[in-house]
Each structure stands twice: as C-alpha cells, then as structure tokens.
Amino acid sequence: MAKVDLNADLGESFGAYTIGMDSEVLRYITSANVACGFHAGDPVVMKKTLALAKERNTAVGAHPGFPDLQGFGRRNMVISPDEAYAYTVYQVGALAAFAKAAGLSLQHVKPHGAFYNMAAKDAALAEAICQGVKDVDANLILLGLAGSEHIRAAEKVGLKAASEVFADRGYMEDGTLVPRKMEGAVIHDRAFAIERTVRMVKEGVVETLSGKLIPIKADSICVHGDNPDAIGFVKDIREALEQGGVTVTNIADVVG
C-alpha cells in the first residue's frame with residue numbers, strides 16, 4: 001500500500017502579526033514545518049506552535065529561511081555555502097532547543113522559500129544546508145524538492161531524504177516549480193489539483209506546464225492552509241488520498 005506524508009508550513013506569525021491558520025491545518029497534516037525566526041516566527045510563536053503540534057500528535061521539523069522578514073524569505077540572496085551552513089545550524093538549533101523543552105524531538109528539516117528554491121538548483125548550497133542539518137542531528141530527515149540537488153546532497157552527506165511534491169504548484173519539464181511570476185505557477189482548479197496529487201503518489205508522474213508527463217517521487221505533499229478555502233483543500237486532498245487506498249502518515253514512517 002502506498003504511503004505519503006502531508007506537510008505544511010506553520011509558526012509563521014510574529015510579534016503582533018498573525019499569519020496562517022495553524023490550529024485548523026494541524027487537523028489534517030502529519031508533519032509541520034515550523035518557522036525559526038529568520039523569514040517568520042519568533043521565540044514565543046515557536047514555543048506555541050510546538051505545543052499545538054504536540055496536542056495533535058503531529059511530527060515537527062525546522063523550516064529555516066533567509067534572514068528576510070520584510071520579504072517573507074521569498075527574495076533571493078547572494079550567500080556563500082559557509083553562510084548557508086551557519087543559517088541552517090542557527091535556526092535548526094534554536095527550534096531543537098524549544099522542542100527539547102517541550103518534550104519533543106525534531107523529525108525533519110525543510111528549507112523555506114528562496115533558500116529552498118536556490119538550493120534545489122545549487123549543489124554547493126544544498127550540500128552546505130545538508131551538512132548543517134547533519135551536524136546538528138544526524139538522525140534528522142532532509143525534506144527537499146523531488147529530483148533536485150536537495151536529495152542528491154542529502155545522500156552525499158549521509159542524511160535520510162524525503163522527496164517533496166506540491167499539490168497546488170505548476171511544474172517545469174526539469175522538475176522544478178514554475179516561477180511565481182509566470183502564469184500557471186499556482187493551480188486554482190481544486191479538482192484538478194487533487195486528481196494530479198493522487199496520481200503523483202500512486203503512479204509516480206506529474207503533468208508539467210507544457211503538458212508533458214515526467215517521473216516524480218512523492219514521499220511528502222506540501223499543502224498550504226493560510227485561508228479558509230485552503231483548509232477545505234487540505235481536507236479534500238487527505239480524503240481523496242485515503243479513499244484511493246493511500247496511507248497518510250508522517251515522514252519518518254514513509255522513508256523509514
């Protein structure tokens with residue numbers, strides 16, 4: 001029987017600003033990526049988010065990003081591999097400390113936004129991130145874009161890797177995501193997105209923006225739940241997967 005994880009980015013509120021619908025999303029996902037204070041989040045929010053995840057028995061991971069609150073971590077930055085390593089260790093270490101205080105263990109690490117997208121194509125950045133993760137805790141799982149430098153770097157440094165796919169994002173023929181500035185970057189047809197997601201898990205293929213089918217490995221599905229309509233989308237994806245005979249479970253159960 002096929003297995004897959006459902007993950008979402010949480011803990012992205014900070015200070016006086018509330019972002020996302022964390023408690024609602026946690027009803028349907030199996031792994032939570034918790035912001036670590038660079039692109040979003042703050043110490044109080046980190047602590048609160050871990051407590052919510054513990055109540056729901058949801059696995060937790062660190063979601064490190066660029067130090068760019070104003071741009072929400074979505075703006076590219078010119079950084080060296082040494083800086084990528086340091087950003088990773090700093091943020092993963094911070095969340096690991098909060099997790100330990102809450103009686104939890106981190107399951108995985110998923111880079112955020114531009115940090116994620118740049119490393120998906122840049123082997124040196126990807127390897128620096130993976131080495132940072134391993135040096136904090138060699139038992140952590142690297143959650144990265146399927147078929148990308150993330151996965152190859154994790155294997156190179158000796159980390160377990162989980163291949164991530166996106167329910168509502170378009171794909172290019174090289175397996176990368178359609179840039180957000182391009183038409184077709186985000187899929188708005190709920191029925192099509194759900195059908196495509198189930199196919200990725202069960203058949204291992206995805207239809208690209210050009211209409212071509214390419215192979216894809218789906219260990220974890222990223223879902224977004226930052227508005228009421230999206231909550232319904234997350235719920236519908238989970239129901240469709242389970243009705244299709246797919247076991248929805250956390251990353252560690254999927255990759256072993």
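At what angle do helix 7 and helix 8 pack, and how far apart are their axes? This is a predicted model, and the tour starts with that pair.

Select residues 190–203 for helix 7 and residues 228–243 for helix 8. The two pack at an angle of about 40°, and their axes are 10 Å apart. Helix 7 is therefore oblique to helix 8, since angles under 35 degrees would count as roughly parallel and 65 to 115 as roughly perpendicular. The crossing of these two helices is right-handed.

Next, show the side chains at the contact. On helix 7, pick R190, A193, I194, T197, V198 and V201. On helix 8, pick D229, G232, F233, D236, I237, A240 and L241. Sorted by class, the contact of helix 7 with helix 8 has eight nonpolar residues, two polar and three charged.

Now turn to the cysteines. How many disulfides does a search of the whole structure find? The count is zero. Select C36 together with C222: the sulfur of C222 is the nearest cysteine sulfur to C36, 15 Å away, and C36 is in no disulfide. A disulfide would need the two sulfur atoms within 2.5 Å.

Then select C130. C130 is likewise in no disulfide, and its nearest cysteine sulfur, that of C36, is 15 Å away.

Are they buried or exposed? C36 has a relative accessible area of 6%, so C36 is buried. C130 is at 1% relative accessibility and therefore counts as buried; the cut-off is under 20%.

Technical notes
Residues numbered from 1 in each chain as written. Predicted model: local features only at pLDDT ≥ 70, side-chain atom pairs only at ≥ 80, totals over all residues. Heavy atoms only, no water. Buried < 20%, exposed > 50% of the residue type's maximum accessible area, 1.4 Å probe, protein only. Axes fitted to C-alpha atoms, helices over the stretch in contact; angles between N-to-C directions. Helix = DSSP H or I, 4+ residues; strand = E, 2+ residues; numbered from the N terminus. Parallel < 35°, antiparallel > 145°, perpendicular 65-115°, else oblique. Left-handed = near helix turned anticlockwise from the far one by under 90°. Contact = heavy atoms within 4.5 Å. Nonpolar A, V, L, I, M, F, W, Y, C, P; charged D, E, K, R; others polar.
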